[in-house]
Amino acid sequence: MASTLNQSLLLSEVKQALPDWKFGNLLGFGSYAVVYQAEFHEMRFAVKLIKEPKPSKDGKGLRSELDLHGLLCHSTPFIVPLFTPRFFSTARLGNWVAMPMELCEMTLEQYCQSTPLTEEEVRPLVKMMVLALLVLKRASVTHRDIKLSNWLVKLSSVDDDDEDDDGDG
């Protein structure tokens, strides 16, 4: 997915399939997904376009990933929710699936580069990360690409941290 040409062709196909959507900046891409900023009925989203993998041995593949994401984002506020209002849900576009998600301000990598952080500011971020990883662990999910650029930041989440750390670990 690293090719700009492939991204342009994909975006062209998506715009044809979802003509009421306005697509903006490319927010990021990886080996099997690309994310664009989008707007629908004056609401802003991140739309993750996932290349549908070949069926897994159990036959579940991407469908189970979508179901799992939907389940996990309701288990914790630290996993970015899918946005599936009445007028839109995940859409299949050939070998791709479009997933509208909450639009976050930046990645954790961008946040750390833009803002010198003190230990007091890092503590709630690490706490949120550990809690999100615990949710994944309890669901027997392995995320194989944990890095700062894959953690998304909502500045309101950082600013509104609840200081309930009692030091008991």
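Is Cys104 buried or exposed? Select Cys104 and take a look: with a relative accessibility of 15%, this cysteine counts as buried. Here buried means under 20% relative accessible area, exposed means over 50%, and partly exposed is in between, using a 1.4 Å probe and protein chains only.

Before moving on, a word on what you have open. This is a predicted model, where local features need pLDDT of at least 70 and side-chain atom pairs count only at pLDDT 80 or more, while totals for chains, interfaces and linings use all residues. Residues are numbered from 1 along each chain as its sequence is written, and side-chain values use heavy atoms, with hydrogens and water left out.

Next, click on Cys112. Cys112 is partly exposed, at a relative accessible area of 32%. How many disulfides does a search of the whole structure find? The search comes back with 0, a disulfide being a pair of cysteine sulfur atoms within 2.5 Å.

Now for the aromatic rings. Select Trp21 and Phe40. Rings of Phe, Tyr and Trp (its six-membered ring) pair if their centres lie within 6.5 Å; planes under 30 degrees apart count as stacked, over 60 as edge-to-face and the rest as tilted. By this rule there are 3 aromatic pairs. One of them is Trp21 with Phe40, a stacked pair at 4.8 Å centre to centre with 15° between the planes. This pair links distant parts of the chain, 19 residues apart: Trp21 lies in the loop between helix H1 (4–17) and strand E1 (22–29), and Phe40 in strand E2. Helices (H or I, at least four residues) and strands (E, at least two) are DSSP runs, numbered from the N terminus. Both Trp21 and Phe40 are buried.

Follow the chain to His41, in the loop between strand E2 (33–40) and strand E3 (43–51). Its phi is near 50°, a positive value in a residue other than glycine. Most residues other than glycine have a negative phi. His41 is exposed, at 61% relative accessibility. Glu42 sits in the loop between E2 and E3 too, with a positive phi near 65°, and is exposed at 74% relative accessible area.

Last stop: helix H4 (residues 119–138), where you can pick out Leu134. Leu134 is partly exposed, with 31% relative accessible area. Show Val122, Val126, Val130 and Leu131 as well: with Leu134 they make a nonpolar surface patch of about 330 Å².

How values were computed:
Patch = residues over 30% accessible without salt bridge, like charges linked within 9 Å, V, L, I, M, F, W, Y side chains within 5 Å. Areas by Shrake-Rupley, 256 points an atom, 1.4 Å probe, with all protein chains shown as cover. Salt bridge = Lys/Arg side-chain N within 4 Å of Asp/Glu carboxyl O.
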